[in-house]
Amino acid sequence: MQFNSWIFPLFFAVVYAVYLGLGPRRFRAQNGLLLGASYLFYGYWDARFLVLLGLSTVIDFLIGGRLEATEDERVRKRLVTLSVVINLGILGFFKYFDFFIDSTAELLAALGFSVHLPTLRVLLPVGISFYTFQTLSYTIDVYRRRMPATRDFLGFALFVSFFPQLVAGPIERAARLLPQIEAPREVTASKVQAGLWLLVWGYFKKTVIADQAALVSNPLFGGQWETLHGLEPFVAVLGFTIHIYCDFSGYSDIARGLAKLMGFEFLLNFRLPYLATGPSDFWLRWHVSLSTWLRDYLYIPLGGNRGGRFATYRNMFVVMALGGLWHGAAWPYILWGSYHGVLLVMERIWADARGIDPRRPLSLAGEWTRIVLFWPLMLIGMAVVRCTSVDQFWHLFTNQSFLLTDRAAAGLATLAYFTWPLVIVQLFQHGTRDLLVPLRLPLIPRALLFAALILGMLVFGVRQPVEFFYFQF
Amino acid sequence: MAGINRIAGEQEHATGARAFGLMFALVVLLVLGVNAVAIRLSPVSERTFDGRTVATKWALASAGAPAGGVVVIGDSSGNFAVETTVLEERLGVGARNYCTYGRFLNLGAGWFLDHALKDADAPPAVVLVVMGSRTFALEADGFTFASIPAAFGGWSERIPYVGLPAAEVLQFAAARLFPLYAQHRSFEGGIRKGLWHIDGSRLPIGPGGTSVLPRAYPNGVAPFAEKVLGEIAAMGDGPIPSVRDRAAMKGLVQAAEERGFDLVFVDGPVWEGLADREEHRAFLAKIHGFMDEICEGSERAQRLPGGLQVFPREVMENPFHLTGAAAGVYSAELTDRLRELGLPR
């Protein structure tokens, strides 16, 4: 069930009415309701997916309990290793098995060996990358004694499967979400208002900006790419850059808005990434719940920046390459992650050489200069992840010029037409350092803004539900 | 401020239940107010070429079917291929083309006939149901049905007597109550490009109801055919024709017997490249099989014999849409076959 499908508003309206009816005193009953709703939400895609979700839940709940019960460090280490192996094993099998088999076959073919390796064409369960990382954070945190194991199986099952963030994040940490699940939630007017803003803004970003941008860029990356020239490659990549951000951050906003309506708080996942001043700043703003997960559970265990400069550079690169692989079992994702790894390492080398902090305070002019300078580098990364072949990327890269063709002009006009609300809102958010700044408006302008966004969605929203881009991860 | 702190976060904005309730009510009022204006300003049929086709054909049907003449209902293949002037000239009776487009299915196509029969002094002699194969692979939606300028709920009294499922009834209601949503293409075109009126000269509709496509699009024909084959494949093991189409087609046969006109199921024109495909042939065979089954034993209903009329892509806009003189060729062949059947009687 997708947030932008017809059925979801009906589903949520029923769940929310019952949820509010139960009230915070019966929060465990509310948890039961949300768990049932979450399994229904997920099973709506394919009931078979529920088996894996249930399996992950039971295994990590049991391992968490055993970790808590024993003080023997060797046993604890074995238990957490078991959790990591099982979770990554499931993820690896369902997400990467066919990719590795196909890649091996291609490599052997390139070396002159004709082989027919068995492929299973495994069905990829929606959102498996997200909930696998989420459950892993639980067992690892219990192992590190950063949190106690929970004894509330119902609550833990809800933590793994909570429908607003189950299929595309934010990737929640057990230490943050479980305490919210295991206590009464307060639904206040302030939270409901903030939740509604996130819902309306998220849906607007998805159905109007992202989907309209996709209508510009998808045909250019599709059958037409060999004919692109002049500014058209730029328009294609710019369209995709707008599409992917509004699509994914729109989903995160909707997820966080739904959570707020029910009294929960999810992690911030996007903090104006297109106003980043450099690679390291970008990753403090883009998919924050993943980048901080990779930092805490991969970069730091690898040694972080504790092993000298070279080891730091190596760790940064490895983490980003694996982050790319997390996004998808395909070479463009790995190349995209590696590309950002290289950018991060270069920025770090440059900063180390000059003895400065890459995220040091900047003047307004310095900040905007760096924002503008980082944009081309970011766009190249977007082209890497969107192109389906090296040929396509090379064609786009080498046929780019400043010639404003009719197709480029039409694409730019459409992108500008639908993106200006995003630019204005984000400039205000950036200027005030407050992502909820629209709620500062007086009552009547605030109501006008809400109404304008809703009316905008009614008229300009793309009708055919377009699947959220990040579902494929 | 700069450095890490320059990254925006979320700040708390306290509001009371009353202030929030007031804002919420204001938002609802604003949205409903604009929507109310849209309801007043919007015609039932959208300001698009499809909407214009529906409105024009409905108005044509309002004048009543030609007594003793030929009425054509069906999808866009019939809309562009059946020239009423050719029918009138070669058959010597009046002819009207009420064909619209595929998403109306057999059910919606029947509603045009029903509307045309309501005030007619006498029934037409022949009713042709012209459909391209793709129409049998399409799904209906309430928004399409709602584009007919007819009363909500009126479908329960129309031929064919086939009800709408709840989802389509809701869509029908939504289309009438929320034109901003249902007619978004009109409003988007009007707001973005100032296109508040349709330029009828770009897709002229003749006095008999035949639409004329201005030019062929040969390069688009084969890709479209692949899409159609995908839609056919997506029907899987389900019944072909669909349960909905079966009921509507039976209803049309029944109407022919009750009201005393001859009903002929006719294959619309098709691109030769698609007609040759095995998947398409198998799909069409199932449809023909069902047509033959419901016409068997009927005095009034039959399927037009003689096989498909196929055309090269050079004269087509898509695998089912004819352009220019090809429509005349199709119509002439159609009249020849009708005469061989002794129709009109």
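In the predicted model, a network of salt bridges links Glu71(A), Glu73(A), Arg76(A) and Arg145(A). Over all chains, a search of the whole structure identifies 36 salt bridges.

In chain A, Arg440(A) is paired with Asp434(A), and the closest N and O atoms are 3.3 Å apart. Arg440(A) is partly exposed, with a relative accessibility of 42%, whereas Asp434(A) has a relative accessibility of 0% and is therefore classed as buried, the limit for that class being under 20%.

In chain B, a salt bridge joins Arg96(B) to Glu88(B), with 3.6 Å between the closest N and O atoms. Arg96(B) has a relative accessible area of 26% and counts as partly exposed; Glu88(B), at 31%, is also partly exposed. A further salt bridge in chain B connects Arg339(B) with Asp336(B), the closest N and O atoms being 3.1 Å apart. Both residues belong to helix α14 (residues 325-340) of chain B, where they are 3 residues apart, about one turn of the helix. Arg339(B) is partly exposed, its relative accessible area being 42%, and Asp336(B) is likewise partly exposed, with a value of 27%.

Chain A is assigned two domains: domain 1 (7-185) and domain 2 (190-277 + 362-472). Domain 1 of chain A contributes 26 residues to the contact, and domain 2 of chain A contributes 19 residues. The C-alpha centres of the two domains of chain A lie 29 Å apart. Between domain 1 and domain 2 of chain A, an area of about 2000 Å² is buried, 70% of which comes from carbon and sulfur atoms. On the side of domain 1 of chain A, the residues that lose the most area to domain 2 of chain A are Pro164(A), Ala168(A) and Pro170(A), which together account for 24% of what that side buries.

Across this interface between domain 1 and domain 2 of chain A, 0 salt bridges are found, but 6 residue pairs are in polar contact. The residues of domain 1 of chain A that touch domain 2 of chain A comprise 18 nonpolar, 4 polar and 4 charged residues.

Notes:
Residues are numbered from 1 along each chain as its sequence is written. Chains are lettered from A and ligands numbered from 1 in the order in which they are written. This is a predicted model: local features need pLDDT of at least 70, side-chain atom pairs count only at pLDDT 80 or more; totals for chains, interfaces and linings use all residues. Side-chain values use heavy atoms; hydrogens and water are left out. A salt bridge is a side-chain nitrogen of Lys or Arg within 4 Å of a carboxyl oxygen of Asp or Glu. Buried means under 20% relative accessible area, exposed over 50%, partly exposed in between (1.4 Å probe, protein chains only). Helices (H or I, at least four residues) and strands (E, at least two) are DSSP runs, numbered from the N terminus. Domain bounds come from an automatic or database domain assignment. Contact means heavy atoms within 4.5 Å. Buried area is the accessible area (1.4 Å probe) that two parts lose on being put together, summed over both. A polar contact is a pair of N or O atoms within 3.5 Å; within protein, one must be able to donate a hydrogen and the other to accept it, and residues adjacent in sequence count only if both atoms are side-chain atoms. Ala, Val, Leu, Ile, Met, Phe, Trp, Tyr, Cys and Pro count as nonpolar, Asp, Glu, Lys and Arg as charged, and the others, Gly among them, as polar.
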